[in-house]
Structures are given as C-alpha cells and as structure tokens.
Amino acid sequence: MGAALHNLLSIITFLPLLGALVLLFVPDGKVGRGVAFWTSVVTFLVSLGLLAGFDTASTQAFQFEVNVPWVESAGIGYHVGIDGVTLLLILLTTFLMPIVIASAKSGITTRIKEFSLAMLVLETAMLGAFISLDMVLFYVFWELMLIPMFLIIGVWGSENRIYAAVKFFIYTMVGSLLMLLAILYMYWLTGQGGGERSFDYFAFLALEIAPQVQIFLFLAFAIAFAVKVPMFPVHTWLPDAHVQAPAPGSVVLAAVLLKMGTYGFYRFAFPFFPHATFELRWLIVALSVIGIIYGSLMCMAQRDMKKLIAYSSVAHLGFVMLGLSAFTTAGASGAVYQMLNHGISTGALFLLVGMLYERRGSRLIADYGGIAKVVPAFAAVWLIVTLSSIGLPGTNGFVGEFLILSGTFFSKMPKGMMWGTLATSGVVLGAVYMLWMYQRLWQGKVTKKENENIHDLTLREWMIVGPLVALIFVMGLYPTPFLKLAAPSVDRFISQLEKHDSTLAGDPPASIGAKAMEAKAPTAALEPAELRVNPDQIKPFVRRPQAVLPKALPVGDGAAIPGQGQR
Amino acid sequence: MPQYSSTDFLALAPVLILVLGGLVLLMLEVFQDSSKRGYQAWFTTAVAGLAGLAALPLLGSDPHPILAVEGKAAFAVADGFGGFIALIVCLGLGLSALAAGGFLQARDADRGEFYALAMFSAAGMALLGLSTDLLLIFIAIEIMSIPIYALAAYMRKGAKPAEAAFKYFILGAFSTAIYIYGAALIFGATGGKTGLSDIAIAVQSGGSLLLFAGLALVAVGFLFKVGAAPFHMWAPDVYEGSPTPVTAFMAVGVKAAGFAAMVRVFVVGFGGEHLANLETGWGNLFAIVALITMVVGNLLAVPQRSVKRMLAYSAIAHAGYLLLGVAAAGAPEVRAAAGEGILFYLAAYTFTGFGAFAVVSALERLDGEGPMSWDLDRFAGLGKKRPALAIAMTLFMVSLAGIPPTAGFIGKLYIFRAAIDAKLYTLAIAGILTSVISLYYYLRVVVYMYMRESEGTAVVLPEPRMNAAVALAIAAVGTLGLGLLPSILGDAAQLSAMILGG
C-alpha cells in the first residue's frame, strides 16, 4: 500500500497507457470504446486518491514526489511531483476524459478502436506533462501530446481537417523546439559551477542567469507556451483546429491542452526567469488584454458556433494570463480557478455543439433559430453553460473573473488599473457575444422547418453534461475547497517572484491578500487577527470584499457580487 | 616481419567472422539445390549476430593497438569506439538481410552472391571503425565500397537502377581517389607519416599549406561517402535507383562507418588546438558543411512525392545533424559529449532509417520500377489496409523528425547538447529550424497513411513476408526502446566515446 501510494502519480499517469496496450489486442469496434471508457473511469477514481493524500498544510513545494534516475549519464531523471495547482488540473483531466470518451459514442463512428487508443495515449501525455519535474521528461510528454491530437483532428475531423491538423502540429512544434534549445542551454549552465549537469526542475530553478540571457531564454519558453495558450498573435491555429476537430477532440483541446500553456508559464517560464518576467511583463499583459478584446470582437463576427467558441477561448485564456501576470494572490488564484472554469464551461459548450451537430449536421448559427421551443431542456442546459462562460454570479465563471480582475486592479503591476479596466470591457463583450448567440440559436420563432423535429437531450446526453452542469454550480457557489487546495502553491509562486523584486510582485498593502503584509511585518499588529486565517488565505478574500473592496466595485461587474461568491 | 598476437585476432573477430560467413555462403551457393535459398537471409542475419557478439567485448575494453609494426604507429586499435561501430554495422547488416530476403524472394531474385557481397562490405565497414592509419582506412573504404557498387547494380533492369549503379560507381571511385590524394599530401607534409598518432605528433608545431590541402581533400573524400552537401548530388539518384534493402544498408552502414573514420581521423590525427579550432580550423569547416547539409537536405526533401527519394534527402539531412556533432568535436572539451552524440545518433538512425526504407520496400511494386512505385499514393489508406505497417511507419517518421518518445529525439538531444556545449548556438538554432521543415514531409506520409483514401485504380500491395516483418518489428522496438530507455545504448556510447578525450 505504501509503495502504491508513493507511486500514485505514476500509476495514474500510466493507467491510460496500460488501457491503450490492452486496446491493441481487442477486436475493432465498440469494445474498444468500452475499454477506453472504463480505463478513464478507473483513472479518475484512482486520481481521487491524490485528493485524499494531498496535505494542504504541508510546507513542501511538491508532494507525491518521486525522483529516480532515468538516463543517469546525461542527468535526466524521472522526477515527478505535484502541487495544489497541478492537483486541480490533474483532476480536471481525469474527470473530463470519461465524459469525452462517452460523448464520442455518437460522433465517432469509424475506426472507433483507433480513436480510443489516441484518446488514452493523449491522456497519459497530458497527465505526464502536468506531473513532470524534469525538463526532458516534461518535454517528452509535452511532445507526446501532439501526435494523438494531430491524428484526432486529421482522421476524424471535418472537410478541411488535414490543413488544420498540420497547422496545429507545426505551430506547436516550432515553439517547442525553441524551448528545447533553451532547455539545453540551461542544462549547460547547470554544469558551469563545476558540478554534475542536470535537467532537474530544481537545478534549473537554482540557476543564477545573467539578465540579458534571461530575456532570450524567457522568450524561447514563452513562445512555446504562448502558442499553446494561445495568446495573440500566435492563436491562429486554434480556430482552425477547433472547427475541424471532432467534438470530443475539441473538448480535450479546449479543456486541457490549452491549460498546458498557462501551466507552463506558471510552473516554468515565470519562476525560472524572474528578471525577464518583470522586464517583459508589459508584453505579456498587453498581449493578454489584446487577446481578450480581439478574441471577443472576433466572436461577434462568427457565423460558425465552433469558431465562436474557439475565439472565446482566446479571450478567456487572455484573462488567465492577465491574472497570472498580476503576481498577486488574488490574480493568480483567479487564474488557476479560471483554468478550471474554462475547462468545464468551454468543454461543455463544445459537447453541446457536438450534440446539436449530430442532430442537424450544421455548425452554422443561421441554420438554427427558435429551437428552444422544440428542445426546451437542451436550451436550458445551453443557457446555464452560456451564463457560466459569461461569468454570472452563482456560476464558476464569476469567481474566476472576479478574482482575476480584482487581483489586477490591486497589484503592483505598472498601469494595473488601466489594464484591468481594458480587460473588464472583455467581460461586457463576453456577455454580448454569448447571449447574442443564445438568442440567435434558441429564441424567437422556429425559422427552419427541419428544426421542428429535432429531439431533446437523451438520457446518455444528460449523463454526459449533467456532471459538468453540477460542477458549474458547485464551483460557483462554494469555491473555497478548490481555492484552498491551490492556495499554498499560489503563495509560493507569488513569494518566489516577490523575493526577486517586491516592488513589482506580491500583494500590495492596500489589497485584501494579507500575504505581502505578513512577509514584511511579522508583528501582525497591522492586521486584525481573524483576517490572517491560515492556511486558507482565500476565505478572507472572498468574505472580505465587504470591508475593503468597495473601491473595486464600480469597475467590477455588479455590486451584488461579493457576498454571493462565498455562499 | 610483424608479430600478430591473439589479441589482434580477438579484436578483429567481427571482421573475420563476416568475411568467413561470406565465403561459406558462396560455397553453399555452389553446392546447394538452387530452389532452396530461403535460408540465406537467416544465415546472413545469424552471421551478423555472431559478429555483433564478437564485437561486444570491445565495448568495455581499454584501447590497445593492434596490427602494430616496429617503429610505426599501429594500423588499428581495438577500442570501444570501433566496437560500437561494428555493432551498428552488424545490426544494419542483419536487418537489411532480413528485409532483402522478403524483397528478393518476391521478385524471384534470391541469390547467394547478394548476401555474400553484403557481408564482405560489412567486414570493410567494421574494419573502417577500427582503423587508425590513413592507408588502412583507404583499404577498408575500398573493401566496404566495391561490394556495394555491385549490390547497387544487383537489379539493374531499367533506366533508374542502371543510372544509380553507374553513378555510384563513378562518384564513389572519385571520392576515394580524392581521399587518397589528400592522404598522399599529408604523407608528404608530415615527412612520411600515415599513422594517425604519428601525424598528430608531426603536426603539433603547426601546418604547412600542403597539410591543409591534404586535410581538406581527405575531408571531401569522407563528405562524399556520407552524402553531405555540397557533395550529395549522387545520393538521391543512387538511393532511389538501388534495390531498397541495399539502399537501407547503404544509408545506415556506409554512414556509420564513414562517420566513424571521419571522427577518428580528425580528432585523433588533427585534434590539436590550432587545427581543430572552431573559428579557423576544421571545426569551422564542418560547421559550415553541416549548416549547408541540414538546409539542403531538408529543403529538397519537401517537394518529393516519391517516398524513397524523400528518404534519400532525409538521409542527407541526417548526415547534416551528425556533422553538427563532428563540428562540435572541434572543441577539445566537448569531444566526449560529441562522440557520444554521434554514436547514439548513428544507432538511432540505424533502427529508424532502416525501418523507413524497409516499409518502402514492403510496399514496392513487384514488377520493377515505375514512376508510381514509391509514390505517396501508395501509402494512401495504409492505416486501414495494413495497420501494423502504418503504425511502424508512423513511429519511424516521428523518430526521423526527432519527436519523443523515440530514438530520434534522444539522438537529436545528444547532438544539440554537444553543439551548445561547443557554443555553436547559430548552428543549433539552424538545426532546430530545419527540423521544423522536416516535420512537413515526414508528417505528410502520416497524413497519407491515415487521412487519405487511395483513389483511382486500387493499389495492389505485395503480400507481407515473414523475414521482412521480423526485421521491421526489431526496428520498431529499437526505435521506441531507445527512446524510452536510452541508457541501454547511451551508457555504452558514452563509454566508447571516452577515447576521444575532452
């Protein structure tokens, strides 16, 4: 049992691969999907063990750590471990995979076995990338994600699939290869002190890199991650990939694959190169805000539902990047929360579009209209997901966006107010395009005759979207447990940067997060005791708005919000 | 009269076994019923395996000179580096023989000479890995090349094979001539030295113009052999026109042996600071050639519709990456890392490059050449028609492109590591960018196999063959295995590269 617990991460990561191996020996057809589905269910159940074993009070940077040599002569190790943020992302992945595989039942009708195989390999690759603490290991998993996704888009996609698949592959690969070069350079640096060279995460973290060099290395890492996020202007592969990919492929792409980019910034690019991070922060922030506004505007011009959702991903991920680069507790935990939200809401939206597509064979908004009358339950689910995507209070999206924006306003970011205000316009635009789409699809009279006979959600479809809808509310009404898991890791992320330059990172004294104050004034006299609740710093932060936040409210979205977030 | 000891024979055992195997097979060919030739491919593989086993003890051994004559540097050395090359050569021979078995039987062209020639050639390659004297290197090159000229002409019906055979012979003879001319100049410049360690001592004080000319000519001779740009012109035609298993053997075997000799000559013979240096010495020369080769190979592979020709250009491109390693060896302190990278890359390419050619040979039309014989269209829909073959080909393409978790990725990692250690940043970036170009043409094969249906007249694929399937399976397992557990060979490569110093 001890050994199993010790290797829990590896077990979870390689379970899907084991399922894939089994798949090789089953006959073609539905059996394959069954194997894949149950494998992913078991993986999810086992991954819940992480939740049980994870200790939020721990001061360790990483838990469930395993570090064994892999290629000893080259300093490559099999080093894995997770922090709270990774834990959440892992759970998101393992939670979504069974849903995605189940949803493929109606959409994927040819070469089912191969599809299931690709999905399982993809799951292993994604989980592996999240847990890796060795740069070569990370790179291996990172690249391994490409091939199954490439096949999923290219084999099971729609008309223009080959173009989209190749574009996806080449965009991502250009970025990753530059990162590989940077990794190799840093590996060379680790040996400059006279010791053994190593690809280990901590060896890289401990490097003291000259500022000019940092800029180049940071750019190499940032391009790789920015393509994946995707940030403006390297986002152009995303609409193509999303539109052409089959529905289950789109879900995985949006829900998990894009998070790799933001996760990469959080785990590697920012902590490795603090100097370059501060130097180029304006660029990251500007591109994020441009992404938010540009993505939202593009959404309004789309006629294809999938393309619209794809551009909305650009906007949502822009929020995540903005929150991360605010370098405040609120911003970063909001970013983490928004990563989960985006996975759930956008994943659900793609699933719903897929279901609609199966009924009518069209993704064009104009081919629908007024169908809420025909399929009321479908419309209700769609509306809930839409509202979550907009960030209506009571849904998960609100908590994320609120934290990100307040974290941006009250940060040490130069011109934080301006960027925050600009980003807030994205919230408004988001409501516009999402509600407009809802109106055009569902409301009014039934415009097309063919639409009069489409059927409502089946039991299987309820089973697929049900868990997601439930999560939307759970995470919207009671975010504390999720935030609590991420809190220590987020703090560590912030304090690392703050240590480097406390004038640019960390929570400003006026802000709600008490962390920065604590660090500088351990006397605690400045803060009322009950506000420094530990270790769940987040609680005060959702409760406290009443006391401190009023300043923010006029700019944020809606004054009724603060109290609601918590209950 | 030189005295040869038993250690000499032990060190030469792989070479001797290969020669003996070739002779035995020729004898058997005479006495055997001509309808029973199925054993020959397996026999060749067994001999290759035996020779490989005989090379194993070399891996860990301390280098000791063999074939020594009083007062002169030894002609050859028994060390891990040579042992590793012998292993790679034997691997390439064994796999190619199996693939050739299926290929030749399907075309009713199975003859003992084919395998015997291959074994003789492999003997030359193994010897080349051990040689430390310009003259012995010349002899080994000839032992390696002449049987290959014959093999290239083995199925000479039609314009393309004839062109290929003739071109290879003429240009091959040219390149050895250039090499030996260079060797002669060095001989003159050093006052009558041919042994590499003698040369190293003689050139310590600096070089004359004569020496530089000789050095350049020797380099050109090697660059011709390994198909580096701008001396690559013969490669696409020859690779495309030769029988595919021969192409595979050429691509992996000649390349391994050629690089081994090149590294040894330049590092051991001309490794001094003033000659090797990355700004003005041969380090710079190889850096430029590596850059040209990477660019030319990768760019010219892009427009090819014939998969076989595409793989030929890809072989050129891979020679470019290996040259990057050779250039890095110009810096004395990175020699061990560069050597390790080159050895590992060669091993990885042996599995992967062979595998890709073997898939091509398994799909080729039985009735000889033709414009469509290797066209991408023959790969259309392969994912459905031959799932196992398609998976294997995908693996090889992924590995050639250098994507994990395959041998090709680890190979590139090692090579780029050496390049960065030697501060060849521009070259490393060029290597990365050209790898991106390569994605396009490697992926295209995958796209055709899985995402296109075959159009028009149904493509008739030859029946699968047992021995070719075994060879492909070994290649696929090797490609993936070296990607997942690189230490299996990586440690041996590291140990073997120690002799390069640094």
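Trainee: How much area is buried between chain B and chain A, and what share do carbon and sulfur atoms give?

Mentor: In this predicted model, the area buried between chain B and chain A comes to about 3,300 Å², and carbon and sulfur atoms give 78% of that area.

Trainee: And how many residues of each chain are in contact there?

Mentor: On the chain B side 36 residues are in contact, and they meet 32 residues of chain A.

Trainee: How many salt bridges are found across that interface?

Mentor: Across the interface of chain B and chain A there is 1 salt bridge. A:Arg197 forms a salt bridge with B:Asp421, and the closest N and O atoms of that pair are 2.8 Å apart.

Trainee: What about the whole structure, how many salt bridges over all chains?

Mentor: Over all chains the structure holds 14 salt bridges. One that lies within chain A pairs A:Arg267 with A:Asp83, with the closest N and O atoms 3.0 Å apart.

Trainee: Where do A:Arg267 and A:Asp83 sit in the chain?

Mentor: They link distant parts of the chain, being 184 residues apart: A:Arg267 is in helix α12 (residues 247-272) of chain A, whereas A:Asp83 is in the loop between β2 (76-82) and α4 (84-107) of chain A.

Trainee: Switching to helices, how do α15 and α19 of chain A pack?

Mentor: Helix α15 (residues 305-324) of chain A packs against helix α19 (residues 416-442) of chain A at an angle of about 160°, and their axes are 11 Å apart. Angles over 145 degrees count as roughly antiparallel, so α15(A) and α19(A) are roughly antiparallel to each other. Their crossing is left-handed.

Trainee: Which residues make that contact?

Mentor: From α15(A) the contact includes A:Leu308, A:Ala315 and A:Phe319, while α19(A) brings residues including A:Val427, A:Tyr433 and A:Met437. By class, the residues of this contact divide into 11 nonpolar, 3 polar and 1 charged.

Trainee: And in chain B, what angle do α9 and α13 make?

Mentor: Helix α9 (residues 234-241) of chain B and helix α13 (residues 307-328) of chain B pack at about 135°, with their axes 8 Å apart. That angle makes α9(B) oblique to α13(B), and the crossing of these two helices is right-handed.

Trainee: Which residues meet there, and what classes do they fall into?

Mentor: Among them, B:Pro236, B:Asp237 and B:Tyr239 in α9(B) are part of the contact, and on the α13(B) side B:Lys308, B:Arg309 and B:Ile316 are included. The contact of α9(B) with α13(B) has 7 nonpolar and 4 charged residues, with no polar ones.

Technical notes
Residues are numbered from 1 along each chain as its sequence is written. Chains are lettered from A and ligands numbered from 1 in the order in which they are written. This is a predicted model: local features need pLDDT of at least 70, side-chain atom pairs count only at pLDDT 80 or more; totals for chains, interfaces and linings use all residues. Side-chain values use heavy atoms; hydrogens and water are left out. Axes are lines fitted to C-alpha atoms, for helices over the stretch in contact, and angles run from 0 to 180 degrees between N-to-C directions. Helices (H or I, at least four residues) and strands (E, at least two) are DSSP runs, numbered from the N terminus. Angles under 35 degrees count as roughly parallel, over 145 as roughly antiparallel, 65 to 115 as roughly perpendicular and the rest as oblique. A crossing is left-handed if the near helix is turned anticlockwise from the far one by less than a right angle, and right-handed if clockwise. Contact means heavy atoms within 4.5 Å. Ala, Val, Leu, Ile, Met, Phe, Trp, Tyr, Cys and Pro count as nonpolar, Asp, Glu, Lys and Arg as charged, and the others, Gly among them, as polar. Buried area is the accessible area (1.4 Å probe) that two parts lose on being put together, summed over both. A salt bridge is a side-chain nitrogen of Lys or Arg within 4 Å of a carboxyl oxygen of Asp or Glu.
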